[in-house]
Amino acid sequence: MGKVAVGAAAVCAAAVCAAAALVVHHRMKSSGKWAQAQSILKDFEEKCGTPISKLKQVADAMTVEMHAGLASEGGSKLKMIISYVDNLPTGDEKGLFYALDLGGTNFRVLRVHLGGKEHRVVKQEFEEVSIPPHLMTGSSDALFDYIAEALAKFVATESEGLHFSPDRQRELGFTFSFPVRQTSISSGTLIKWTKGFSIEEAVNSSNLYSYIAVGQDVVGELTKAMERIGLDMRVTALVNDTIGTLAGGRYNNPDVVAAVILGTGTNAAYVERAHAIPKWHGLLPKSGDMVINMEWGNFRSSHLPISEYDQALDTESLNPGEQIFEKLISGMYLGEVVRRVLYKMADEAAFFGDTIPEKLKIPFILRTPHMSAMHQDTSPDLKIVATKLKDILEISNTSLKMRKVIVELCDIVATRGARLSAAGIAGILKKIGRDTLKDGEKQKSVVSLDGGLYEHYTKFRTCMENTLTELLGEEVSENIIIEHSNDGSGIGAALLAASHSQYIGIDES
């Protein structure tokens, strides 16, 4: 019996040793994989680095490209489009004006009653209209007929005291938020699709934007539709959401010099001195100013911190080689960059286990609002991170250690985007001479900001504002104000219809 017991003990000891060896081997393997995941993250962080020296180079490059774009058509990746907006709202505007905001599968119609400096906006009404799915595969005429009919129904709800006299047309500001080559304040042709759209893909996916061909006058299409149903309304201003935001900001604050949209897409517009635009060949406007639509999403520079994930995203996008700045800073792409890094960690470092989660393979499944929620999770166990991973990517049983890595990854992507946004704003301020103090001047410069990314992603917004202060210095920054212009683009279009009215100077009686 003794020999049997000794033999059994020896077998048991051998089994324990083997099990222990397996545990050690597993730990060593896990440790190696973890180190690999950390290495991927560290390498990405280095590629995304935005030291202040680099940001100053980006700001300088933005200024240089602005000069080049103003000098000649095609002189820069920045379109620097002359908007023909030379009269921004002053607060003196009076009367009833309409706006149409078209930029998605819904559109908005607005009516604004302006009462001059004393009463400002007396009344504002709007209605949001969904575009029926069957129209999304139809013709240009069908789409614009539908829009015109919705406008006519909205006009019919005017209160008794606001009816127009028979000899006056109603006037409309039209917000169309894609690059348009303006030929006047109230006409322009589509240049190209942005925000992830292209005309071929739009047609194939039955998207709204397949209706309006590149080179087509969008105002002409709307005007013909209104004429077909007998709606006597004139488009007096064609603008994009950024210029609308600038107009809305200027109406409320005369120190507004620029506007930036940071949302799904991104763009900037600012007030330029007309004599500083070499490619402008017309008469100088009486105001001496001209609003420039930068289309800054298309900015690119060798100083931009671009990683392998950004390069792959660009190559696989609908518009490779275009909108590089937008792909680094806008809400459409931030979450996708995070997904691509997570995919590499899953593939090369088994970050989520031996198999790559199927949902993680789907492009754009991780949206920036999801990323924002994870990044801003303040719970001790990062419960929101765990919930988002489970609900969106079907990844369960993540450790706190893993969740902390994901928060760090979100921080890297958001920080880069926010700091580059600040560098872009600094470049604009430099171009118009507002980046320094002159002879002790204390002139305020206000930049109107709008867009869901700026409004809802608090860490992004705070980082951007702090970085701008870092770039400009404390003394200059005291005179630079970032002001949220909530929904400025809609009312801004109506205000521009007022400031460019055909009846300016005519007795309102």
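User: What makes a set of residues a nonpolar core?

Analyst: A nonpolar core is a set of buried Ala, Val, Leu, Ile, Met, Phe, Trp, Tyr and Cys residues joined through side-chain atoms within 4.5 Å. In this predicted model, the largest such core has 89 residues, of which Tyr-270, Met-294 and Trp-296 touch the most other members. Helix α13 (residues 400–431) gives the most to this core, with 17 residues. A second, separate core of 31 residues includes Leu-96, Leu-102, Leu-172 and Met-226.

User: Why is Thr-266 called buried?

Analyst: Buried means under 20% relative accessible area. Thr-266 has 6%, so Thr-266 is buried. The residue lies in strand β10 (residues 266–273).

User: What makes the pairing of the Thr-266 and Trp-296 side chains a polar contact?

Analyst: The cut-off for a pair of N or O atoms is 3.5 Å. The two side chains make their polar contact at 2.9 Å, so the pair is within the limit. Thr-266 also touches Ile-261, Gly-297, Glu-326, Ile-329 and Ser-330. Among the residues touched by Trp-296 are Met-62, Leu-78, Phe-325 and Ile-428.

User: How do you know that the contact of α8 with α10 has both nonpolar and charged residues?

Analyst: Ala, Val, Leu and Tyr count as nonpolar, and Asp, Glu, Lys and Arg as charged. Helix α8 brings residues including Tyr-309, Leu-313, Glu-308 and Asp-310, and α10 brings Val-337, Arg-340 and Lys-344, among them. By class, the contact has six nonpolar, no polar and six charged residues. The helices pack at an angle of about 115°, with their axes 10 Å apart, and α8 passes α10 in a right-handed crossing.

How values were computed. Residues numbered from 1 in each chain as written. Predicted model: local features only at pLDDT ≥ 70, side-chain atom pairs only at ≥ 80, totals over all residues. Heavy atoms only, no water. Buried < 20%, exposed > 50% of the residue type's maximum accessible area, 1.4 Å probe, protein only. Helix = DSSP H or I, 4+ residues; strand = E, 2+ residues; numbered from the N terminus. Contact = heavy atoms within 4.5 Å. Axes fitted to C-alpha atoms, helices over the stretch in contact; angles between N-to-C directions. Left-handed = near helix turned anticlockwise from the far one by under 90°. Polar contact = N/O pair within 3.5 Å; in protein donor to acceptor, adjacent residues only side chain to side chain. Lists of a residue's contacts leave out its neighbours within four places in sequence.
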